[in-house]
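Student: I have a structure open and want to go through it with you. Can we start with a salt bridge and work outwards?
Tutor: Fine, go ahead.
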Amino acid sequence: MDERLLTAFLTVSETRNVSLAARRLNITQPALSRQLQKLQRHLKVELLQSHHSGVALTAAGEAFLPAAQTVVNEIHKAEAFARMLATGTFSEITFAAPGTTLIDIVIPFVATLDSSQLHSHVIETPLGASLQQAVNTADLVIMPSEPPEEFGSIALVELPVWAYVAPDHPWADREHIPLEELVGERVVVATTDFMSRRVLDGAVDVAGLTVPQIVETNSGRVAQALVATGNGVAVVTEDAYFGLKPAKISTGAGILSVWLHAGWRADHYALDQVQALAERLASFAQTRYPELTPGPFDPVG
């Protein structure tokens, strides 16, 4: 299991193009082809096959992909652990989160850290990815759902699901919009890849309501842009853009909201440091978003 060969395979599997993968790895295309051939000879199985638009994974390649990623991830973690043993300090961390959380919370938090003491990486993870999958590639995973008990975790902050309207909308000065009233408007939302949409759908279903006028977009930012240039209400958890005015959405159960949690492996080699960083992130998030009363963030797991 040569990390260099596995990385070559992972890069090609991501780009599906040998030339593009070679440029990303900063090697020549013939050198990359030799690495792929060497890996396949060693494993005695064909992982890749030529395709009319580039390179495709074989069935064996698709099956082998998670194992290759796991090996490379574990090598990187072992290297980071060795560096910590050598220096006596935790000097490198990887954060993972869905796109909206990454942009609105994680990246601003990373900007507050001393990069000379702690080198940070950030990666986007799909909302539907399991925590087990995410912690294989990251030290600290921020997700809008509570992690299972076998992981270490901390509740970060409760975020409202906002109803954003243009400044000239009749609701522009309102602080709360009842769900029953909201559904009577043209509602602009992101897809179910976003937690704000899932929370809204769940609340509408529980209340026995329907949304006659709904416009679906590929992101919360696009939803806001559409509302800023026309009528309707954008329902998202993102920060406000385009001068839109926010209102909270009230239901019979309270304010529509999403809890963010941070999770990590309970056997992480730098457990104390990761947990301490998660607590700092919780304080940062609660200061940045004081709209709802934060709950306790006692670590669990």
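Student: Is R288 buried, partly exposed or exposed?
Tutor: R288 counts as partly exposed, because its relative accessibility is 35%. Keep in mind that this is a predicted model.

Student: What does R288 form a salt bridge with, and how far apart are the closest N and O atoms?
Tutor: The partner is D239, and the closest N and O atoms are 3.6 Å apart.

Student: Where do R288 and D239 lie?
Tutor: R288 is in helix α10, residues 271–288, and D239 is in the loop between β11 (233–236) and β12. The pair therefore ties together parts that are 49 residues apart in sequence.

Student: How many salt bridges does the structure hold?
Tutor: Eight. Side chains of opposite charge can pair when their charged atoms come close.

Student: What about D201, which residue does its side chain meet in a salt bridge?
Tutor: R197, with an N to O distance of 3.1 Å. D201 and R197 are four residues apart in helix α8, so about one helical turn separates them.

Student: And their exposure: is D201 buried or exposed, or something in between?
Tutor: D201 is partly exposed, with a relative accessible area of 30%. R197 is buried, at 11%, since the cut-off for buried is under 20%.

Student: Which residues are linked with R265 in a network of salt bridges?
Tutor: E74 and D267 are linked with R265 in that network. For the bridge between D267 and R265, the closest N and O atoms are 3.1 Å apart. D267 counts as exposed because its relative accessibility is 57%, while R265 is partly exposed at 21%.

Student: Changing topic. What is the volume of the largest pocket?
Tutor: About 720 Å³. The lining has 28 residues, and those nearest the centre of the pocket are Q69, V72, N73, H76 and T137.

Student: Which element gives the most to that lining?
Tutor: Helix α4 does, with nine residues. α4 covers residues 59–87, and among the other elements that supply at least two residues each are α1 (3–15), α2 (18–25), β3 (92–97) and β4 (119–124).

Student: How does the lining of the largest pocket split by class?
Tutor: There are 10 nonpolar, 10 polar and eight charged residues.

Student: Now the second largest pocket. What volume does it have?
Tutor: About 410 Å³. Of the 27 residues lining the second largest pocket, P98, G99, T100, T101 and F194 are the closest to its centre.

Student: Which element gives the most there?
Tutor: α5, with six residues. At least two residues each come from α5 (99–110), α8 (195–206), α9 (220–228) and β14 (257–264). By class, the lining of the second largest pocket divides into 14 nonpolar, eight polar and five charged residues.

Student: Since α5 came up, where does I107 lie?
Tutor: I107 lies in helix α5. I107 counts as partly exposed, with 41% relative accessibility. Together with I103 and V122, I107 makes a nonpolar surface patch of about 230 Å².

Student: Backbone next. What is phi at N26?
Tutor: Phi of N26 is positive, about 60°, although N26 is not a glycine. N26 sits in the loop between α2 and α3 (29–43), and it is exposed, with a relative accessible area of 71%.

Student: Where is K44, and what is its phi?
Tutor: K44 is in the loop between α3 and β1 (48–51). Its phi is near 60°, a positive value in a residue other than glycine. K44 is exposed, with a relative accessible area of 74%.

Student: How far apart are S250 and R23?
Tutor: They are 227 residues apart in sequence and 51 Å apart in space, C-alpha to C-alpha. S250 is found in strand β12, residues 245–251, and counts as partly exposed at 21% relative accessibility.

Student: Last one, the whole chain. How many helices and strands does it have?
Tutor: The protein chain has 10 helices and 14 strands. Its C-alpha trace spans about 65 × 50 × 35 Å along the principal axes. Of the 301 residues in the protein chain, 47% are buried.

Note on methods: Residues numbered from 1 in each chain as written. Predicted model: local features only at pLDDT ≥ 70, side-chain atom pairs only at ≥ 80, totals over all residues. Heavy atoms only, no water. 1 Å grid on protein atoms, 1.4 Å probe; cavity = no way out; pocket = protein on both sides within 12 Å on 5 of 7 lines; lining within 4 Å. Points joined across faces, edges and corners; volume = space filled by probe spheres on them. Nonpolar A, V, L, I, M, F, W, Y, C, P; charged D, E, K, R; others polar. Patch = residues over 30% accessible without salt bridge, like charges linked within 9 Å, V, L, I, M, F, W, Y side chains within 5 Å. Areas by Shrake-Rupley, 256 points an atom, 1.4 Å probe, with all protein chains shown as cover. Salt bridge = Lys/Arg side-chain N within 4 Å of Asp/Glu carboxyl O. Buried < 20%, exposed > 50% of the residue type's maximum accessible area, 1.4 Å probe, protein only.
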